[in-house]
Amino acid sequence: MESSLEKMVDPTLAEMGKNLNEAMKMLEESQREVDEERKKRKYARKDIPGPLQGSGQDMASILQLVQNLMHGEDEEESQSVRLQNVGEQGHISLLGHSLAAYISVLDKERLRKLTTRILSDTTLWLCRLFRYENGSAYYHKDEREGALKVCKLIIHSNYEDYATEGFNAFQRKLPVLYISAASRTGLGQYICNQLGLPISCMCTVPCNTMFGSQHQMDIALLERLIKDDVECEKLPLLLVANAGTPGAGHTDKLVRLKELCSQYKMWLHVEGVNLATLTLGYVSSSVLAATKCDSMTLTLGPWLGLPAVPAVTLYRHEDPSLSLAAGLTTSQPVEKLQALPLWLSLQYLGHDGIVDRIKYASQLSQRLLEKLKLSSIRTSVEDELNSPVVVFKFIQDQLNSASSLNGAHNQNAAAQESMKDRCESEIGDAMNRWLGEQLGQLVPASGIDVVELEDEGVCIRFSPLMTAAVLNTKPEHVDQLAEHLKAKIPVLISTLQLREEFKQEVYRTTGLLYIEDLSWPGLGVVRYEINSEDSEKHLMAMEKIATGLLKQLKELDSDLLFSTGPEFGGEKNSIYIGMATDNLDVPELVETIAATGKEIEESSKLLENMTEIVRKGIVEAEQQLQKANEAKLLEEGVLRQIPVVGSVLNWLSPVQSSVKGSSFNLAGGLLESTEPLYAMKAQTSGGIPPTTPTVDRTKHKTPGQKMFRRSSKIAASDVISETSSVSHTEEVDASQNRLDFENEMHKTTEATVQGTDALELPSDCEPKNCDTKGIDMQEVQPSSEQAKTEELEKGSIG
């Protein structure tokens, strides 16, 4: 067809035929697509989700969907997401997961050789790095699974018929697991639940409270517990100790614990962040003792900044069949590939890279520890020379020394002192929780978090070994953290000192109720109270006043933060006041809150009363207007109310109506005459409501000074006697009033002279000789509203 078109002489006909041919192809193609789509719909299932329908999505669409899920589709949400630092070593780890999936499709013999090599290399490297000789390795995703498998191995070793009898094997002797109270939360329950053991098999060993560290296991108490269990014909199996507790980073006395475990033939398992320091050249003796334990769990992912690498449990056991029965080893080559990401990452980092990362984290901890030597900061660090974890808290002693001295003479002095200590402890926990959250927001790269320890309460923890590699923490971040901490300490001290003053000031103020909330990290909580018999209306009025009061307080130019309190558990209809500085004027703050609440209450009552008055006034006004219309009808007659006839009669015989115009005064709820609006003489204001008095909240404020701040001038004038200060203030006010009056008179005189120059006065009347006594100035010079009224009337007439 195309060749025949090309042979045509007429090019127009050839082009026309070509276009027709293309058009027919397009129509046929579209029809074919419609038929195919109709066939797909015929055999398609309606219950299949949209992304799975059809022949699948392309790779770009899928990756775009993943990106939207990671970062969020909204701009605000995407800005708040902060991805972790994934360096080149992280890419190596991620490559290992992809290679593991690819290697798994090899033939069985080649796969077996490859996985055996990877597993043996990784195990040898880790045992050499962490000084753990002749050990085996178990790789697992859940960090708790290492202790679980080890416990299962011990059960198989001590109960020969456990593989066949199951829990019936425990009838003759019940196993006992000893776990430190400072270990990770829920570890004992997890082991018991996974092995089907009763919770009574778990024994929590307390830490020292009177002697030694508060976070180390009490060995003397542990020994008594073991003896008691042996006497009760129980079998002690496992002891879980810490080389760096999850909360404070303390290390148990592993040498003594190993001796105790050897005495009673128990298995000693150690875990903790301080195990990372085994790779360093210098290792403390307390941590070095962990190399003699029966097993240890290492979490290399956060230590080295490696994403998605498994945790490793190193252990020593001579019977491989029991290890296989416990699940510590496997015969499946694919499961051995879990070590591949770690195998690649360790080769990429090398010995120097691994040691440098762990040493760098320890140096960050030491850097912060040197900057925490402050009077109001107490640290909780076991080994200050080499500890990778720094735990500190804000303390403020003797806040209410006067109140404690006064209460010492009471009969219940001990009970009051105990209650006082509990209150101060709760307040201190709230302050430290606020401090930790603030520091975490100000320096997010520091990895600061808040922990709650059993004996010390709420503390702030800096553990760079767990966060520095992921967050890319640098020394300048530590310096910023210390600077922000120093800046927050004065605010905490001043807030604690002003809390009692604020409380007493609220008690002395009528209409305010102080709410005791020890968990609120701020100046205090206050509520404006009203008296009402109707409970439903009382709650609605309280909510309305609280909302308006909070809105007006937020609009004030002050350094204080006003809110409705925490999202959950806050007192309803209350105002929560945040942190305060030492120059806060507490009486002015309380007075402002009370006065503002009073104004809102009175305005709401005035509005309710005005609504009722206006409603009654409208009814009366309608009645008066009806009477006025009836009087107008009697006076003018019915004919004048007809539009055409009325206009002709009014033109022939105008009627001066006696019915005057009226206006409705909303303030008074009255119907008033409009004659004063059109009068040419001085207007008499009728029904104008008086101005509502307001409280002066700008007492002695200098320009630019914020609300609720003590002025330096007022502080200096406290030295002067009260009488002299009052007289001086009166003299200053009087002189200022005279000066303002003279300036105002001067401005008025200038304006009068300018107005006089614009008038055409008679030649016999000079401005300086003209007698203006007794003349109403409003008659000579009408007000602006009257002048506008006259101009409008003239314009309408013209």
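**Note on the predicted model**

1. Of the contacts (heavy atoms within 4.5 Å) in the protein between residues at least 6 apart in sequence, 67% join residues at least 24 apart. This is a predicted model, in which local features need pLDDT of at least 70, side-chain atom pairs count only at pLDDT 80 or more, and totals for chains, interfaces and linings use all residues. Residues are numbered from 1 along each chain as its sequence is written, and side-chain values use heavy atoms, with hydrogens and water left out.

2. The protein has 28 helices and 17 strands, taken as DSSP runs numbered from the N terminus (helices: H or I, at least four residues; strands: E, at least two). Of its 798 residues, 37% are buried, that is, under 20% relative accessible area with a 1.4 Å probe, protein chains only.

3. Helix 16 (residues 340–371) packs with helix 20 (residues 475–508) at an angle of about 25°, and their axes are 10 Å apart. Helix 16 is therefore roughly parallel to helix 20 (angles under 35 degrees). Helix 16 contributes Tyr 360, Leu 364, Arg 367, Leu 368 and Lys 371 to the contact, and helix 20 contributes Pro 475, Val 478, Asp 479, Leu 481, Ala 482 and Lys 486.

4. Thr 547 lies in helix 21 (residues 535–555). The residue is exposed, with a relative accessible area of 53% (exposed means over 50%). In sequence, Thr 547 and Ile 575 are 28 residues apart, while their C-alpha atoms are 9.2 Å apart in space.

Key: Axes fitted to C-alpha atoms, helices over the stretch in contact; angles between N-to-C directions. Parallel < 35°, antiparallel > 145°, perpendicular 65-115°, else oblique.
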